[in-house]
Amino acid sequence: MSEAMTQTLAAPGLLDRARIVAGPRFNRWLVPPAALAIHLCIGMAYGFSVFWLPMSKLLSGSDATCQAAGLGTLMFSTSCNWSVPMVTSTFEMFIAVLGLAAALWGGWLEHAGPRKAGFIAALCWGGGMVLGGIGVSMHQLWLLWLGCGIIGGVGQGLGYITPVSTLIKWFPDRRGMATGMAIMGYGGGAMIGAPIAVALMKHYGAGNASAGVSATLITMGILYLIVMSLGAFGMRVPPSGWKPEGWTEPTKAKAMVTSKHVHLDTAWKTPQFWLIWGVLFLNVTAGIGVISMASPMLQDVFGGHLIGLDATTALSTAQKAAIVASAAGLVGLISLFNSLGRFFWASISDHIGRKTTYYLFFIIGIVMYLSLPVLGHHAMAAAFVVAICIILSMYGGGFSTVPAYLADIFGTQMVGAIHGRLLTAWSAAGIVGPFLIAHIRQAQINAGVAHNLVYDGTLHILAGLLLVGLILNSLVRPVHEKHHMDEARLAREKSLQHEQQGADGAHSAARGSFGTLGLVSWLAIGIPFLIGVYIALTKAAALF
């Protein structure tokens, strides 16, 4: 490495926000692919299920598991296989840590900027997967939990909120669409990452997936570190006062959209914050309920109908396998609608408003949840699948619409930090939702309810949760003006975020052409995403 290059890399402030205020030649449409590069990588969180079964069979010469052992033995033993619940705890960990990390460091992120936060997220998520892979190779469960679960969870939290505030400021004319594009990546990350992981495990393990888990985690960790770092270094922020060319702020104020700003320290103490927290928590809890039981529910409710047989037909081993394969196609559709719903609903919210969009989530959701038992009883499998897809599109849409909802209510100055605090609702739902659903289902089975009817009560309870969410959403009102930042405090925040740098030339900033760089950036993101969509549709074809 040359001395000049060394000095460049070691230059102070390389990651600082002050270094990434956009100049005249930048184009705002370069920000969404940078954001997508980060979200498509951390979105592999939804695809981690491909690792659970291979991880439970790492020791080929041993059938013993650590289920009866104490926690200490479980974490350090190298002589017995891990059970599936042991390794799935990794998912619960990084979802819980995601919310905590976003809440703890959201305020720091606003001042540090998206480049520094995105790069640290890359180190944590990519490095966490590498450490988790080392833990698998050493058969040390605590290393898997520490790497993928804890450190990876920090990367998840920082990576998730890194682009939000920046995109909202770049796209004041289309807040929902902008955040929807990025957060769509989180929903679609598994469509790309899961097939890659499966192929790598097969390659490294010479056909034995369990033997290839460690190398796969390490390889994907390095890949994600590189891609997320490219995304982080591609991020820019607009100078204070910047507006899209030809766009003027609406002169007629909307009741639910403020032009003022609320500080993070104040926002989380307002009733509006906790109402929206409850709205997101209930929408996510209900959605997770369907995600966690979609495939087994389809098998239990429809059975032989999925392959054109009568429900009373005794099934052979081959026919049972065909039913499982058919139901597995639903997983592909869930990923697809979870992803595309994030962009669709967030974009729609730009036209009809965030509050109205959430009204639709809850009203349509209640109808869909109540219709599922009826469709099941009448063996209407196709309509049943359509209803689940609609539900999952609104589950994803809830995530992508909420940043713009927060910007409307609390202003744009600290929306990334406020969004970080709100994501604790996701962490809570990620723990409460599956626990609640699993226990309700088991209680009904223990009570003697038939397997094809065991989901009816659960779905009715989920509809009830959405009704509560509908009520909470109806109570959201504009924040009282006493909570708005005064001019002095707002100026201080802008100073801390280095927005004044380049403010004199804000009218000429980011007027560059889309150009070759824009085309290459979008193709680099778009091609893998479309391949993921194709794979998801191919899997879904088994349903039909």
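Predicted model: local features only at pLDDT ≥ 70, side-chain atom pairs only at ≥ 80, totals over all residues.
**Helix packing, a salt bridge and a surface patch**

Helix 6, residues 114-138, packs with helix 10, residues 213-233, at an angle of about 175 degrees, and their axes are 7 Å apart. Angles over 145 degrees count as roughly antiparallel, so helix 6 and helix 10 are roughly antiparallel to each other. The residues of this contact divide into 20 nonpolar, eight polar and one charged.

The next pair is helix 16, residues 415-422, and helix 17, residues 424-446. Here the packing angle is about 20 degrees, with the axes 4 Å apart. Helix 16 and helix 17 are therefore roughly parallel to each other. On the helix 16 side, the contact is made by Gly-420, Arg-421 and Leu-422. Helix 17 contributes Thr-424, Ala-425 and Trp-426. By class, that gives three nonpolar, two polar and one charged residues.

Now the salt bridges. Side chains of opposite charge can pair when their charged atoms come close. How many salt bridges does a search of the whole structure find? The search finds seven.

Last, the surface. Phe-514, Leu-519, Leu-523, Ile-527 and Ile-531 make a nonpolar surface patch of about 460 Å². Of these residues, Leu-519 has its place in helix 20, which covers residues 515-540.

Technical notes
Residues numbered from 1 in each chain as written. Heavy atoms only, no water. Patch = residues over 30% accessible without salt bridge, like charges linked within 9 Å, V, L, I, M, F, W, Y side chains within 5 Å. Areas by Shrake-Rupley, 256 points an atom, 1.4 Å probe, with all protein chains shown as cover. Salt bridge = Lys/Arg side-chain N within 4 Å of Asp/Glu carboxyl O. Helix = DSSP H or I, 4+ residues; strand = E, 2+ residues; numbered from the N terminus. Axes fitted to C-alpha atoms, helices over the stretch in contact; angles between N-to-C directions. Parallel < 35°, antiparallel > 145°, perpendicular 65-115°, else oblique. Nonpolar A, V, L, I, M, F, W, Y, C, P; charged D, E, K, R; others polar. Contact = heavy atoms within 4.5 Å.
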